[in-house]
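Let's take a friendly walk through this structure together, from helix pairs to domains to chains. Have the viewer open as you read.

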Amino acid sequence: MDFYLGLLQVIGVHTLLGLSAYCVLLTGQVSLAQAGFFAIGAYVAGIFTVLAHWPLVPALGASAVVTGAVACAVGFPALRVKGLMLVVATIAFGEAVRLFFFNFTYQVQTGTLHLGPHGAEGFRQIRYFPEHGWSTFDVMLFIWTVVAVVMAALWWLDSSRAGAVLRAVGEDELAAQSSGISVTAVKVSAMTIGGVIAGIGGGIFAHYTTHIEHTQFGVGLAAFAIAYPILGGLSNVFGTLLAVIFIQGFLIEGLRFMGDWRNLLFGGLIVLAMNIRPRGLLDAGAVQALKRLLFSNRERSGA
Amino acid sequence: MNLLDLIDAVQSVADGILFGSTYALLGIGFTLIFGVMHKINLSYAAASIGAAYASLLILTVIKAPAILVFLTAAAAGGIIGYLVYLVGFKFIPLANPLATLMSTIGLLLLIDEIIVHMTAGVPLNYPALFSDVTIHVGPFSLRGDLMFVFALGCICMVVLLLVLYRTRLGLATRAVSQQPTASKLCGISTTRVNVLTFVITGVVGGIAGAMTGAAIGMLSPLLALPLTVKGLIVTVIGGLGSIPGAIIAGLVVGGLENAFQFFRGVSERDLYIMLLLFAFLVFRPGGIFAMPAGRD
Amino acid sequence: MTKLNIAIAAIVGGAALAVCGAALAQERTVKITGFGAKSGVVRVFGVNSEAAMKAAAEEINKTGGVTLGDGSKAKFTVEFLDDRCNAEEGISVVRRIASSDAFVAIGPTCSNVAESLFGILQKKVGDASDSGLQFPIIADVAAKGGLAKISEWSFRNVPSELEMYKSLMGWIKTQHPDLKTIYGGVEKDFAHSNATYGVMKAQAEGNGFQVLGTSEWLLNDTTFSTQVRDMKRANADIVAISAHPFTTCGVLKEMDRQGVKPKILIGLTSSSSIETLQGCAKQAEGIIIPTSFAPVTPEAKKAAEQVAKFGGSADLHSAATYEIMFMFKDVIEQQKIMARADTVEADRNKMRQGLAALKETSGLLGKIGRTTDREAIKPFLFVQAKDGSWQVLHKPSS
């Protein structure tokens, strides 16, 4: 049981990572910087709970604020860079953040222990959860509450005018600008929101792994972040969730019985998925089909 | 800073520039694919390393001289290039750039895992040409094998530019990159051009992988991801779609990398490369040689 | 008639039960799960660990297996899970193992996974306010210093690099009193090599050598000309390189190119494997590395053959895995572990207790001491790369 709860925790945090990339992707920007925001969120939350002895939620709040500020700052220069150059620029930003933490040492001595981030060795003993008696179930519940709130917020955003504006900028920037939409404001806001979500996700990540170091936040994690929304489809937030369940639940844990073949299948299945469903697992067509299936049944049973 | 330090600094930069020719070759591949198909192939560096690994297979059959191994790498690169096109690009509609981005990421993971499975992740020795030759110019010494790689890179550039500007295939490639619809109307088969682009860049990639292996002396799966990042940086600095840009940017990045290393040490070195990229993106987003903008 | 029927039924039933019981008793197995990296550049470690587990299990099973708390004999079976050197996956794997009837696990390979993993374990036994996992784990490969003290449920069977380099530096001092200076090279972004360099440097200074400087590089660097040039300028008697095979070979090749020939070359423990020899046997000629395994004793030789049979190679890491399986046999028998589905929690506690209580275990090179910090004090020797293989240079007496 513990194993499934742990898996749900991982799926939850990765959904947050995926949603942060999803936000930015809606406006047509392919951002591989989400791993960088994730890292900042992780370190900030860790520093607040371990060194300043804050409770978890304020620490996550601090993560959200700091990461949001950084994302906003990144959003402006990102405007100047279009398309695939943005991919490279965000990879470079992510690497720069990782290198920063590679060098970042801030140790505080309490008794005989040295606590805090220690450069290449990372930041160890972020034991807020076990020290405060949170069981695996408690942590899972907490994570999914956050995920539910974020997904609800994004869903509401999507169904409001703001969502239409975001997608308009994503589909055709020129047309959107001609309609009077401030493309700058939209893109920077999307980047900021994405940053905030990644920061919160990173903060939780730091706590359930109890040890973070720079190597975890490299290009690999950034690729995963972007993989979830692309694989899942950009029509709605559930696509990202589905993709996270597919990758973390099925490809990584479910295929374990295949032993060595699992890793080969990992890359292979992603390629296959993109060939078969280039718009994602849950693209607009699939959503329509699902709706028809669900609602037509209800109509029939109602009549 | 005394004279010895100055000599060391210049030597470092010189070494870096020579090593940068491997980055230049990778940059050429990335930039060609982007130039023709307006897509990024993130699996390119991994495929190049894969081609170099594949070329080692020939050593298990016969005791081949280094040059034969390099040629095998080039051939393997071409084959892998075609396979990448088939699996990652052919069936995905052009209107989905995200899907091809993702499929190339999937291919990167796949190629990496194949290499790891076949070699258990252990670094393998790679033959080099002129590895024991060192040319001395005053107090400076230049590595023979790197000069060979540099020369090879220049030859590649010349050959590619000749192909692009003096042959019908090159004309077709340039046409497709500038105006895909119009070229179809003129009877140019876009599919054929795309396939050939991938094969040619695959061959260049195979040579790049072999040269990287020769320059380091070893091959390791560790190389795939950092070379992808460096290759992309070089491509952007050089200008997406510009071959001379990729070469110059490769050499510049190589040299500066060593210069930063010399002056500021290894912890900050890569940070400065990123800052260099950002500077370019802010002040000269088109790169050193911005590609002439076609119509939408 | 009825009484006869009943009697026959009873005898037949009893015989059937006896046969079943005997059959069941003969089929008892205890599954030991190991986990580690079987992907990426560290795949070879996982492959070797798995081979060592299977080899040890076969050896133990040949002599009848392990005696459980109720007197029955059980055979070991082995399972190995891949954590891809990823902290999240390592935690997931251990939760998976802990959800089964397993009462102990061996792993991980990577030090960063161990850091996270040991962090989610209960810190102090019996602390009811600590909701950490209560499951004993013993690491065979993760070598970064000081990991076992993170939790009372975490143990290790890795050599103490402090002791090894202290002894090595001391020995070099006595063998070569004319050598005074040392220059270091370190792979800075990998936890293990970075931490071990600190040890090398401290022990060099502690033994009276003067450290002239340090060159640094990163795990996947490909060009070392600047670093080696600094090395050349320093012109030290001894060069110590704390890096894994890929960059070690890169640096050695560059040293060869620039004509840097120190009188003594020292390497990192993990690099005393076939990887280094496959990458640069010629340039690595003469490098001295302290290690806790070499096929010099009859047990070690046999273990090396057995591990090779299962597709791995015996080196200081997989030898530790091999030794751990035998440790398990001892603790299971000592603590009378029942290994039944209804005794899982008790078995885990007994296992932890048993491992913690060990003062000494038998290793392939001799007796291994155990510290209160749940670490191991392993006998070691110095090997040198000669003619494309690792040959024993010196076996310190203590």
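How are H3(C) and H4(C) oriented relative to each other: roughly parallel, roughly perpendicular or oblique? Keep in mind that this is a predicted model. Helix H3 of chain C covers residues 87-98 and helix H4 of chain C covers residues 111-120; their axes come within 8 Å and cross at roughly 50°. Angles of 65 to 115 degrees would count as roughly perpendicular and those under 35 as roughly parallel, so H3(C) and H4(C) are oblique to each other. The handedness of this crossing is right-handed. On the H3(C) side, the contact is built from Ala87(C), Gly90(C), Ile91(C) and Val94(C), while H4(C) brings Asn112(C), Val113(C), Ser116(C), Leu117(C) and Ile120(C). Sorted by type, the residues of this contact of H3(C) with H4(C) are six nonpolar, three polar and no charged.

Now turn to chain B for another helix pair. Here helix H1 (residues 3-37) of chain B packs with helix H5 (residues 144-166) of chain B at an angle of about 30°, and their axes are 8 Å apart. With angles under 35 degrees counting as roughly parallel, H1(B) and H5(B) are therefore roughly parallel to each other. Their crossing is left-handed. To find the contact in your viewer, select Leu18(B), Phe19(B), Ser21(B), Thr22(B), Ala24(B), Leu25(B) and Ile28(B) in H1(B); they meet Leu146(B), Met147(B), Val149(B), Phe150(B), Gly153(B), Cys156(B) and Leu160(B) in H5(B). The residues of the contact between H1(B) and H5(B) comprise 11 nonpolar, three polar and no charged.

Back in chain C, zoom out to the domains. Domain 1 of chain C is made of two segments, 25-159 and 296-377, and domain 2 spans 161-291. Taken over C-alpha atoms, the centres of these two domains of chain C are 31 Å apart. Where the domains of chain C touch, 11 residues of domain 1 are in contact with 13 residues of domain 2. The domain 1 side of that contact in chain C holds five nonpolar, four polar and two charged residues.

Finally, look at where chains B and C meet. Chain B puts 28 residues into the contact and chain C puts in 27. Within chain B, at least two residues each come from H1, helix H4 (97-119), strand S1 (124-125), helix H10 (243-264) and helix H11 (266-283). Which of the elements gives the most to the side of chain B that touches chain C? That is H1(B), with five residues. By type, this side of chain B has 14 nonpolar, 10 polar and four charged residues.

Definitions and conventions. Residues are numbered from 1 along each chain as its sequence is written. Chains are lettered from A and ligands numbered from 1 in the order in which they are written. This is a predicted model: local features need pLDDT of at least 70, side-chain atom pairs count only at pLDDT 80 or more; totals for chains, interfaces and linings use all residues. Domain bounds come from an automatic or database domain assignment. Two residues are in contact if their C-beta atoms, placed from the backbone, lie within 7 Å. Ala, Val, Leu, Ile, Met, Phe, Trp, Tyr, Cys and Pro count as nonpolar, Asp, Glu, Lys and Arg as charged, and the others, Gly among them, as polar. Axes are lines fitted to C-alpha atoms, for helices over the stretch in contact, and angles run from 0 to 180 degrees between N-to-C directions. Helices (H or I, at least four residues) and strands (E, at least two) are DSSP runs, numbered from the N terminus. Angles under 35 degrees count as roughly parallel, over 145 as roughly antiparallel, 65 to 115 as roughly perpendicular and the rest as oblique. A crossing is left-handed if the near helix is turned anticlockwise from the far one by less than a right angle, and right-handed if clockwise.
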